[in-house]
Amino acid sequence: MNDGHSHGNRSQDIPAKQGDINHINGFTRLDWFPASQKAYTFAWADLDRDNDLDFVLATYQNEYTRIDPTDLGNGGVVYYENTGIDFVATHLASQSQALALLLVDINQDGRLDIWVGHDFLLPDQIWLWSPQGWVESTPFAQTAQNTMSFAAGDIDNDGRAELFSADMKPYPETPSLGPSSSSPTSTNIRWRSGCDTSRANTESSGRF
């Protein structure tokens, strides 16, 4: 979990190791929300612009179903709005293989959007902010197949963020001890926020 303020007028909440979570001098544990999802990744931001931090979580269902194959529930992508009293959940997706999560203004409307990067064959998902609520969208013609991480930054100093998505180099179909020319290559994809997203700048080759 990332560090952050969970309430606008409270001290900064600092995550602790499991064994010490109830014994941190100067801090009080707050159980504000029954987040039953087995979250793999979090991202914090003031998504509703009310001067406190909301957050989005996403699960990696392939991992925890290895431990308990019968546990198929409580997965997905969930937006938690900080009301100042508790966190109100909005379920955006019931399935998730998320390894990466980025809150960034994709369509240049001045509001943060939600970008979830999935492993395996589950396509990446994007929800754009709107006055009516979160709207799922597909602004990119290409995405990485096994998304490992995201990054954003104004590399060329033009006031717009460039977006970077990193894929992985999958194992070959038949693993071997030596190098294999048939092994798929990794794919890194870059976009410029607010521009023609169909013109992705792709490095190397890969499957989409």
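A salt bridge is a side-chain nitrogen of Lys or Arg within 4 Å of a carboxyl oxygen of Asp or Glu. In this predicted model, a search of the whole structure finds 1 salt bridge. The side chains of aspartate 158 and arginine 160 form it, with an N to O distance of 3.3 Å. That distance lies within 4 Å, so the pair qualifies. Side chains of opposite charge can pair when their charged atoms come close. Both partners are partly exposed. Aspartate 158 has a relative accessible area of 31%. For arginine 160 the value is 27%. Each value falls between the 20% and 50% limits, and therefore neither residue is classed as buried or exposed.

The strands were examined next. An open sheet is built from 4 strands, in the order β5-β6-β7-β8. The pairing is antiparallel. Strands β5 (98–104) and β8 (135–137) lie at the edges. Each of these edge strands pairs on one side only. On average, neighbouring strands of the sheet are turned by 25° against each other, direction ignored. Within the sheet, strand β6 covers residues 113–118 and strand β7 covers residues 125–128. These two strands pair in the antiparallel sense over 3 bridges. Across this pairing, tryptophan 115 stands opposite isoleucine 126 in β7.

Leucine 92 belongs to strand β4, which spans residues 87–93. Its relative accessibility is 16%. Buried means under 20%, so leucine 92 counts as buried. Leaving aside residues up to four places away in sequence, leucine 92 touches Val77, Tyr79, Ile114, Trp127 and Trp134.

The side chain of threonine 59 reaches the backbone nitrogen of glycine 76 at 2.8 Å. Threonine 59 is found in strand β2, which comprises residues 54–59. With 0% relative accessibility, threonine 59 is buried, because the value is under 20%.

Note on methods: Residues are numbered from 1 along each chain as its sequence is written. This is a predicted model: local features need pLDDT of at least 70, side-chain atom pairs count only at pLDDT 80 or more; totals for chains, interfaces and linings use all residues. Side-chain values use heavy atoms; hydrogens and water are left out. Buried means under 20% relative accessible area, exposed over 50%, partly exposed in between (1.4 Å probe, protein chains only). Contact means heavy atoms within 4.5 Å. Two strands pair if DSSP finds at least two bridges between them. Axes are lines fitted to C-alpha atoms, for helices over the stretch in contact, and angles run from 0 to 180 degrees between N-to-C directions. A polar contact is a pair of N or O atoms within 3.5 Å; within protein, one must be able to donate a hydrogen and the other to accept it, and residues adjacent in sequence count only if both atoms are side-chain atoms.
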